[in-house]
Amino acid sequence: MTQLYQQPRINGSIQPNQEPVTDTDMSLNGTTKYHHETEVSGIADPAPANRLSSGVPDAVPETRLSARPTAGEYGNTPERRPFRLPGSGIVQGMMVTARNWFGSYFDRKRLVTVQYPEQQIRPPENSRSIPFLVYDGDDPDAGLRCVACHTCEKECPPQAISIVGERDENGKPARRPKVFDIDISVCMGCQICAEVCPFDAIKMDHYLDHSSLENFQSLILGKTRLSKSNAYFHTINSTDATAVDARLEADRKKKEAARQKRAAAK
Amino acid sequence: MIAIPDCSFNTTENRDPAAELLELSLGPQHPSTHGVFRMNAVLDGETVVRLQPVFGYLHRNHEKIAENVSYLASIPYTDRLDYLCSLTNNWAYALSVEKLTGLDVPERAEYIRIILAELTRLQNHTAFLGFLLGDMGAWGTALMYGFRQREKVLDLFESLTGSRMMSNYMRFGGCRCDFPEGWLEQARTVIDEYPEFLDEMEQLLVSNEILISRTQGVGAISPERAINAGLSGPILRATGVDYDIRKVDRYGIYDRFSFRIPIGDQGDTYDRMMMRLLEMRESLKILKAAIDEIPDGPIVNPKAKLRNLRPPEGEAYGRIESPKGELGFYLISDKQPQPYRFRVRPPSLINLTLLEEMSIGHKIADVMVILGSIDIVLGEVDR
């Protein structure tokens with residue numbers, strides 16, 4: 001191989017005061033000199049000249065395998081090609097296996113599995129699978145918080161949501177969805193719909209068992225299958241549900257006060 | 001772009017059974033190819049003469065999709081690039097959008113990002129060790145020990161971001177939500193227990209004679225070739241090149257933490273494995289310091305817009321040191337809600353370019369180990 005660099009910065013041959021490799025030195029040979037603009041807009045603070053980090057002034061000396069301290073800092077990491085009794089490494093490894101095998105009968109730390117589905121670990125509150133629609137009270141239709149504003153439909157990255165708003169007898173929007181479908185074969189559970197919803201109407205579920213025998217219609221969840229009560233939301237994520245309740249209550253009170261004020265002004 | 005190996009060496013006229021070469025197609029469905037990755041190997045006996053990687057089976061058109069959806073909607077797609085390290089992917093993308101828009105990140109969010117990125121590095125390298133040992137024939141044991149430990153980190157991710165792997169957590173100018181109650185204490189426990197696991201893993205594997213003979217001197221590359229091919233991450237540092245973007249760019253607040261960069265000297269599979277083991281120890285140092293020092297405060301810049309983001313015209317390249325190497329996002333904005341150009345610089349793909357050079361002259365069984373030591377994720381290679 002021909003000389004590729006003017007100054008190869010190879011381990012061992014680096015002198016502290018040597019000029020660091022610049023981008024032009026990294027070109028393949030003398031004939032093709034790439035000119036790299038280091039100051040591309042967007043690269044904030046390109047470390048001037050010191051593109052390789054041992055040139056960074058206050059860099060902590062890096063760890064080298066060949067010159068590694070043996071005791072203390074790095075545990076039992078052995079040196080490269082150390083002298084040891086042939087076979088001792090294998091015996092040591094088998095001791096670890098044995099410790100784990102016997103330990104799994106006594107130590108919970110070494111046996112972390114449970115007998116699913118008889119035993120199930122409760123997922124953390126923030127856990128998410130696919131979205132559901134929250135309704136207040138007992139009536140899934142009347143209590144639905146969704147006002148068919150289409151925000152989640154627009155923001156959904158894979159466009160899994162499809163909403164058709166209800167209209168009243170005069171043709172005005174009735175602020176509730178007529179159709180609210182989520183295709184869960186498309187939904188990736190990213191929770192952006194729940195994040196952008198201004199009415200806290202759509203939240204993330206914990207339910208994971210969506211398998212069905214039929215591939216198409218049964219994976220498009222409609223309004224009835226998506227609607228779940230606020231009480232259910234409290235059982236899966238009480239922290240968020242309580243916060244949402246407080247927020248909605250405060251909103252309601254504010255609106256109530258404004259209405260009274262308007263009525264008094266009249 | 002499916003490459004067909006040159007078969008002219010097997011002509012019928014000059015067929016010499018002793019000198020006959022064998023073409024072997026490994027994958028795309030193969031337990032040791034880490035996903036849908038195919039290698040067309042040409043073998044002389046057991047020795048690799050030629051090797052052509054074939055990939056693209058998992059191509060999802062991520063870059064073009066991202067040019068057609070809003071800036072926010074690309075974040076969950078970046079989770080699926082390198083699905084083992086979704087949080088660092090999020091960070092790299094958020095960083096480039098922040099450069100594009102000139103957004104600042106609050107102090108607490110910077111700490112959260114560092115904690116999550118280093119936890120990601122821990123769990124990625126833990127899984128890497130398990131997979132690498134699986135490729136070497138220690139199938140199951142090391143992988144399960146690694147996964148058992150990694151699951152503790154993933155539990156932390158799930159209780160914070162809602163998902164073990166598809167986190168969708170970083171936002172432009174901050175993070176999506178704050179830690180739930182008791183998260184930091186739980187994280188501290190996991191971090192305190194980690195050295196015990198690393199010691200055990202080292203006792204199990206690193207001094208093992210079989211492992212040493214399978215890795216030392218296998219798949220070595222020179223630092224010149226590594227730089228020329230654009231390698232980055234632990235593979236580059238294993239060859240002895242001191243280049244870590246955490247030290248070079250000092251993005252985020254990495255300059256506040258004291259940590260060292262492990263450097264190898266042979267550039268072989270053993271060094272690449274040791275880089276990961278040592279990096280985990282260094283990550284633990286950063287994590288401990290970050291968890292102790294994390295301040296209170298807001299987690300997202302109040303000026304940041306979640307929806308209808310229209311960055312000013314311009315371009316930006318944000319890059320971070322992901323566990324696999326330099327992960328960069330290049331964005332061009334023309335003041336529309338969608339980026340005009342969206343380009344990913346995937347470390348897995350570029351690190352894969354030297355696979356043939358590393359493999360030639362070694363036995364076919366070593367190719368698996370070499371591929372495992374590069375640590376690719378096909379979601380990122382194919383995009």
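The legends below describe views of a predicted model with chains A and B.

**Figure 1. Overview of chain B.** Chain B contains 15 helices and 11 strands. Its C-alpha atoms fill a box of roughly 75 × 50 × 35 Å along the principal axes. For 383 residues, a compact globule would have a radius of gyration near 21 Å, and the 22 Å of chain B agrees with this. Of these residues, 56% count as buried. Among contacts in chain B with a separation of 6 or more, 71% join residues 24 or more positions apart.

**Figure 2. Helices H3 and H4 of chain B.** Helix H3 of chain B covers residues 86-101, and helix H4 of chain B covers residues 107-135. Their axes are 8 Å apart, and the two helices pack at an angle of about 135°. Angles over 145 degrees would count as roughly antiparallel, so H3(B) and H4(B) are oblique to each other. The crossing of H3(B) past H4(B) is left-handed. On the H3(B) side, the residues that meet H4(B) are Leu87(B), Thr88(B) and Trp91(B). On the H4(B) side they are Arg113(B), Leu116(B), Ala117(B) and Thr120(B). Sorted by class, this contact of H3(B) with H4(B) has 4 nonpolar, 2 polar and 1 charged residues.

**Figure 3. Helices H11 and H14 of chain B.** This view shows helix H11 (residues 269-293) and helix H14 (residues 364-374) of chain B. Their axes come within 9 Å and cross at roughly 30°. An angle under 35 degrees counts as roughly parallel, and H11(B) and H14(B) are therefore described that way. H11(B) passes H14(B) in a left-handed crossing. Thr269(B), Arg272(B) and Met273(B) of H11(B) meet Val369(B), Ile370(B) and Ser373(B) of H14(B). The residues in the contact of H11(B) with H14(B) divide into 3 nonpolar, 2 polar and 1 charged.

**Figure 4. Overview of chain A.** Chain A has 6 helices and 7 strands. Along the sequence they follow the pattern β-α-β-α-β-β-α-β-β-α-β-α-α. Of the 266 residues of chain A, 19% count as buried. Residues 24 or more positions apart make up 59% of the chain A contacts with a separation of 6 or more.

Figure 5. Phe199(A) sits in the loop between helix H3 (192-196) and strand S5 (202-204) of chain A. With 14 other C-beta atoms within 10 Å, Phe199(A) is partly exposed. Leaving aside neighbours within four places in sequence, Phe199(A) is in contact with Arg145(A), Cys146(A) and Val147(A). The C-alpha atoms of Phe199(A) and Val244(A) are 9.4 Å apart, although the two are 45 residues apart in sequence. Asp200(A) also lies in the loop between H3 and S5 of chain A. Its phi is near 50°, a positive value in a residue other than glycine.

**Figure 6. Ala148 in a loop of chain A.** The loop holding Ala148(A) runs between S2 and helix H2 (151-155) of chain A. Ala148(A) is not a glycine, yet has a positive phi of about 55°. There are 21 C-beta neighbours inside 10 Å of Ala148(A), so this residue counts as buried.

**Figure 7. A cis peptide bond in chain A.** The peptide bond from Tyr116(A) to Pro117(A) is cis, and its omega is near 0°. Pro117(A) is found in the loop between helix H1 (88-106) and strand S2 (131-135) of chain A.

Note on methods: Residues are numbered from 1 along each chain as its sequence is written. Chains are lettered from A and ligands numbered from 1 in the order in which they are written. This is a predicted model: local features need pLDDT of at least 70, side-chain atom pairs count only at pLDDT 80 or more; totals for chains, interfaces and linings use all residues. Helices (H or I, at least four residues) and strands (E, at least two) are DSSP runs, numbered from the N terminus. The radius of gyration is taken over C-alpha atoms; the globule rule is 2.2 Å times the number of residues to the power 0.38. A residue is buried if 20 or more other C-beta atoms lie within 10 Å of its own, exposed if 12 or fewer, and partly exposed in between; C-beta atoms are placed from the backbone. Two residues are in contact if their C-beta atoms, placed from the backbone, lie within 7 Å. Axes are lines fitted to C-alpha atoms, for helices over the stretch in contact, and angles run from 0 to 180 degrees between N-to-C directions. Angles under 35 degrees count as roughly parallel, over 145 as roughly antiparallel, 65 to 115 as roughly perpendicular and the rest as oblique. A crossing is left-handed if the near helix is turned anticlockwise from the far one by less than a right angle, and right-handed if clockwise. Ala, Val, Leu, Ile, Met, Phe, Trp, Tyr, Cys and Pro count as nonpolar, Asp, Glu, Lys and Arg as charged, and the others, Gly among them, as polar.
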